[in-house]
Amino acid sequence: MSVKIRLQRHGKKGKPFYWVVAADARSKRDGKYLEKIGTYNPNTNPATIDLNLDSAVKWLNNGAQPTDTAKAILSYKGALLKHHLEGGIRKGALTQEQADAKLATWLEAKAGKVDAKKDGLTKAQADAKAKAFKAEQDVNAKRLAAAAKAEADAIAAATPATEEVAEEAPAAEENNETTEA
């Protein structure tokens with residue numbers, strides 16, 4: 001029986017969520033599996049991966065072949081590196097302590113990269129929000145200035161009209177006085 005490490009799809013339409021499983025190569029994609037190794041959620045940025053390293057390495061040691069996507073996930077989380085280092089231990093090229101130190105160093109570096117990406121995304125999102133807020137403030141300021149100008153023009157237009165009417169009224173009174181006299 002050949003075993004594959006592959007993804008098993010869950011979640012609703014348009015919102016995939018995957019289990020990383022060790023399954024018989026002949027079983028259906030979402031069918032029976034031998035062991036659930038972890039989960040993969042591509043809906044988040046960066047993607048959320050929860051993987052049991054020891055189970056993944058155990059299946060790799062037993063000859064399980066990962067699919068392309070599963071191989072990328074195992075590589076991302078360090079399972080392939082741990083499998084490689086265990087091969088070096090079996091051959092006598094490394095000691096267990098050296099392999100553990102190399103793996104820990106690699107995992108720390110990877111965690112630093114992931115944290116830097118999360119911080120960069122958070123900063124970019126905050127910058128975009130601040131830029132949008134600034135643009136909204138500019139639009140509101142222009143709108144208020146235009147409204148104030150329109151109001152001032154309306155007042156200015158109304159004020160001279162009342163003065164003209166006031167000037168015409170005395171002239172009419174003078175005409176009435178001259179005709180009466």
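In helix 3, the buried residues are Ala 79, Lys 82, Leu 85, Gly 87 and Gly 88, where buried means under 20% relative accessible area, exposed over 50% and partly exposed in between (1.4 Å probe, protein chains only). Helices here are DSSP runs of H or I with at least four residues, and strands are runs of E with at least two, both numbered from the N terminus. The model is a predicted one, in which local features need pLDDT of at least 70 and side-chain atom pairs count only at pLDDT 80 or more, while totals for chains, interfaces and linings use all residues. Residues are numbered from 1 along each chain as its sequence is written, and side-chain values use heavy atoms, with hydrogens and water left out.

The protein chain as a whole contains four helices and five strands, and these follow one another along the sequence in the pattern β-β-β-β-α-β-α-α-α. Of its 181 residues, 23% count as buried. Among contacts (heavy atoms within 4.5 Å) between residues at least 6 apart in sequence, 37% join residues at least 24 apart.

Helix 3 itself has 13 residues, and the distance from its first C-alpha to its last is 19 Å, close to the 18 Å expected at 1.5 Å a residue, the expected span being 1.5 Å times one less than the number of residues. After helix 3 comes Gly 92, which has a positive phi, near 90 degrees.

Side chains of opposite charge can pair when their charged atoms come close. With a salt bridge taken as a side-chain nitrogen of Lys or Arg within 4 Å of a carboxyl oxygen of Asp or Glu, the model has seven salt bridges. Asp 54 counts as exposed because its relative accessibility is 51%, whereas Lys 82, at 18%, counts as buried.

A second salt bridge joins Asp 24 to Arg 26, with N to O at 3.0 Å. Here Asp 24 is buried at 15% relative accessibility, and Arg 26 is exposed at 67%. In another, Lys 149 pairs with Asp 153, their closest N and O atoms being 3.5 Å apart; these two residues are four apart in helix 4 (residues 96–180), and so are separated by about one helical turn. An α-helix has 3.6 residues a turn, so residues three or four places apart point the same way. Lys 149 is exposed at 54% relative accessibility, and Asp 153 is partly exposed at 42%.

A cavity is, on a 1 Å grid over the protein atoms alone, a set of points where a 1.4 Å probe fits but cannot get out, and lining residues have an atom within 4 Å of a point. Helix 3 and helix 4 each supply at least two residues of this lining, which by class has four nonpolar, one polar and three charged residues. The structure holds one cavity of 30 Å³ or more, and about 50 Å³ of space lies in the largest cavity, a volume being the space filled by probe spheres set on the points, which are joined across faces, edges and corners. Ala, Val, Leu, Ile, Met, Phe, Trp, Tyr, Cys and Pro count as nonpolar, Asp, Glu, Lys and Arg as charged, and the others, Gly among them, as polar.

Key:
1 Å grid on protein atoms, 1.4 Å probe; cavity = no way out; pocket = protein on both sides within 12 Å on 5 of 7 lines; lining within 4 Å.
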